[in-house]
Amino acid sequence: MGCGTSSSVKDKKSETALKAALVIQNWYRGRSAQLKTRQRYALTIFQSIEYADEQGQLQLSNFFSFMLENYTRVLEEDSELVTHLLGSNIQDKDRRDYLGLIDVPDSYCGPRLQFPLTFTDIDLLIEAFKQQQILHAYYVLEVLFETKKLLQRMPNFTHTKTSPSKEITICGDLHGKLDDLFLIYSKNGLPSVSNPYVFNGDFVDRGKNSMEILMILFVSFLVYPNDLHLNRGNHEDFMMNKRYGFTKEVLNKYKLHGKKILQILEDVYTWLPIGTIIDNEILVVHGGISESTDLNLLHRIERNKFKSVLMPPVPIDGDRATEKENKVGTTSTARGIRTNGSLSEQLTKHEWDQVIDILWSDPRGKRGCYPNTSRGGGCYFGPDITSRILNKYRLKMLIRSHECKPEGYEICHDGKVITVFSASNYYEEGSNRGAYIRVSSGTPPRFFQYQMTSATCLRPLYQRVNAVESSAIRMLKERMISRKTDLIRAFQLQDCSKSGKLSVGQWAFSMENVLGLSLPWRSLSSRLVTTDKDGNIDYMSSFQDIHIQKPVKEVQPTLIETVYRYRSDLQIIFNVIDSDHSGLISMEEFRSMWKLFTSYYSVCIDDSQLDELAERMDLNKDGSIDFNEFLKAFYVVHKFDKLNKSDTTVA
Amino acid sequence: MSQIIQWIEIGTIIRSLGCCPSEGELHDLIAEVEEEEPTGYIRFEKFLPVMTEVLLERRYRPIPEDILLRAFEVLDPAKHGFLSKEELIKYMTEEGEPFSQEEMEEMLSAAIDPESNSVHYKDYITMMVIDEN
């Protein structure tokens, strides 16, 4: 008709397009939010279980003390076990002797380092590791010896300065994820005098290339000792390594010299500095602080006396000490401290606590300072604590690591605390990004994020979230099955009418209490149990599609459950008893150990079944038990799962 | 003890509870729960009563599947059954409450059929709905 109509048609058209767009955007944002939330839940599950494990780990130290008090045969006859339990003493003069014994054959085609090291050696290692080569034990040991020598000259805290033209880069936990280190070096440049770095601890454990990371970092340090700064993390601890995978990695990669490498490493760890202070403004430590953190004290202590979080200093009874001193050679006490007798071999309890706080604490929104109950060590510190401590030492900021963050970093406490975490996909492919920070005086810190994805994994968000979520739920279910007896008991206590059903609130309460995990149970319930139309939970439904494989039919389910539940702890204990790393312990040792274990952890089990179990499984080889095989036989079967065997390796 | 959430996450929380406010409605809601002097944080005690009311009144109900389909069809008047990548980008980033670049990329990664470089919206919707359940 006229031009008036066509423009109004146009308007109408664009109005409907607008409405349509709004509908789609609205729907999309709703979906997106739900996906992000599910991803967060999954991360929370992983994290809770990780910290609960750490707590379990720390409980072991009490068990070791208990064991030494009661395992009298050990004390009298097997002093080697005691030494092994308590760590060993290495003499430096071992070095030349030992290295002299190792031969690097001509057939070895891996990287060969040239001492004194130069930047070409860093490149050499990177290229070699990219091709999955393994550095020969001879070079590993040389690097470790040299690193220890150099670290011994460093103070407890490295003080360093930046300038507008010279920023420093701070990286967080790497945990054996070599690809992330490659990415950082490639994106941010290799370390050099003009490109300094701080690596804030936890280089090892969990990932499968802890050794390679350590070698690259130590070599970088040896080449640029004034520009590459290493802080100790809570995983730079030989006891932690036994549980979290590094010890295993070393023994697998270095069958001949692995033990020696582990021995030297124990010592190298203790010489790593406690922290770095940048421009007298920024404190960089691995975990955090507490209300009693005393930086002056920490500057003074003999840091190398902190051997392991599982070896706290113990008060020696004066009389007892002199009595035992009369025995030839070593002194020992029932509570297991370093032998060769002197008190001066330990830190004071106060000094030791100070170090624990630095390595294990986490910041929280709540004001004040509280024991870190989920990890079992260090504390939770609030924004008031941060302000107080920073002001006390005239500092402006605390940069720390220790906690995995979805975006690789997180700022809290009013901008005064930054967490930086550099292992991307830490829990699972797609679980989180990694990050590093660049700082220089006068400018705000700059953040760089990344996420390592394999070529086939550039999947859309919903697929990645599904994968992470499934993995987390699977882990949680395994946790549940390992506490099945206790859970059922707790449920039944609340189920007065014996209906097999509970309200969501009741179910959530029991789950949290028994498992000791603080998780959003109501939101997770749909993935873990079936709910009827009235909203009540059928609590037995969780156990229907999952069970622990019975290695032998006739054995009590509670025994199976117990071994499965404590398998990580048992693995460590066995490893400690197995002082020659043969993988075997005697049947008698096994029995005594089991007796002590069940009495300490108050486990009610018919012991006679254990013998039967071991025999039936035909694991006796000349009266010894291959304990790795023994533990491997206890695994969880997920009924509706393509993979029938769950990951039985120690976390 | 008061628990604190950063306001930038409030949208995610509200949406994950099953509500679908528009960006405009979301801003109004945040204004209701924010502190007098915006600190960037929200207190749980303030959030809870407001959110409870929203849920009880069943405000901001999510879009039913058929309406969503119709919205796509509106943008595809020739009834091809698909939208080209460029068309989708144009509508999503220029009309309504525009997507950020990140949101656009995220949507494309799931919606785009790489061979034809277009979005077969009916299949896309079906796929998303199945996944939700």
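Is A:Tyr197 buried or exposed, judged by its relative accessibility? At 0% relative accessibility, A:Tyr197 counts as buried, because the limit for that class is under 20%. The legends below describe close-up views of a predicted model.

**View 1. The stacked pair of A:Tyr197 and A:Phe199 is one of the aromatic pairs of the structure.** Over all chains the structure holds 18 aromatic pairs, and in this one the rings lie 5.4 Å apart from centre to centre, with 5° between their planes.

**View 2. A:Asn231 sits in a loop of chain A and is buried.** The loop that holds A:Asn231 runs between strand E4 (228-230) and helix H9 (238-244) of chain A, and the relative accessible area of this residue is 0%. A polar atom of the A:Asn231 side chain lies 3.0 Å from the backbone oxygen of A:Val284. Leaving aside residues up to four places away in sequence, the residues that A:Asn231 touches include A:Phe199, A:Gly201, A:Pro273 and A:Val284, and A:Phe199 also belongs to the stacked pair of View 1.

**View 3. A salt bridge joins A:Glu281 and A:Lys396.** The closest N and O atoms of this pair are 2.9 Å apart, and the two residues are 115 residues apart in distant parts of the chain. A:Glu281 belongs to the loop between strand E5 (275-278) and strand E6 (282-284), while A:Lys396 belongs to the loop between helix H15 (383-392) and strand E10 (397-400). With a relative accessible area of 26%, A:Glu281 is partly exposed, whereas A:Lys396, at 55%, is exposed.

**View 4. A:Arg400 and A:Asp362 meet in a salt bridge between buried residues.** The N to O distance is 2.8 Å, and the pair links strand E10, which holds A:Arg400, to strand E7 (residues 362-363), which holds A:Asp362, across 38 residues of the chain. A:Arg400 has 0% relative accessibility and so counts as buried, and A:Asp362, also at 0%, is placed in the buried class as well.

**View 5. A:Arg29 forms a salt bridge with B:Glu103.** The closest N and O atoms of this pair lie 3.0 Å apart, and the rule finds two salt bridges across the interface of chain A and chain B. Side chains of opposite charge can pair when their charged atoms come close. In the interface as a whole, 28 residues of chain A are in contact with 34 residues of chain B, and the area buried between the two chains is about 3000 Å², with carbon and sulfur atoms giving 63% of that area. A:Trp27, A:Tyr28 and A:Arg29 supply 25% of the area that chain A buries against chain B, which is more than any other three residues. Two of these residues, A:Trp27 and A:Tyr28, also form one aromatic cluster with B:Phe99 and B:Tyr124.

Methods
Residues are numbered from 1 along each chain as its sequence is written. Chains are lettered from A and ligands numbered from 1 in the order in which they are written. This is a predicted model: local features need pLDDT of at least 70, side-chain atom pairs count only at pLDDT 80 or more; totals for chains, interfaces and linings use all residues. Side-chain values use heavy atoms; hydrogens and water are left out. Contact means heavy atoms within 4.5 Å. Buried area is the accessible area (1.4 Å probe) that two parts lose on being put together, summed over both. A salt bridge is a side-chain nitrogen of Lys or Arg within 4 Å of a carboxyl oxygen of Asp or Glu. Rings of Phe, Tyr and Trp (its six-membered ring) pair if their centres lie within 6.5 Å; planes under 30 degrees apart count as stacked, over 60 as edge-to-face and the rest as tilted. Buried means under 20% relative accessible area, exposed over 50%, partly exposed in between (1.4 Å probe, protein chains only). Helices (H or I, at least four residues) and strands (E, at least two) are DSSP runs, numbered from the N terminus. A polar contact is a pair of N or O atoms within 3.5 Å; within protein, one must be able to donate a hydrogen and the other to accept it, and residues adjacent in sequence count only if both atoms are side-chain atoms.
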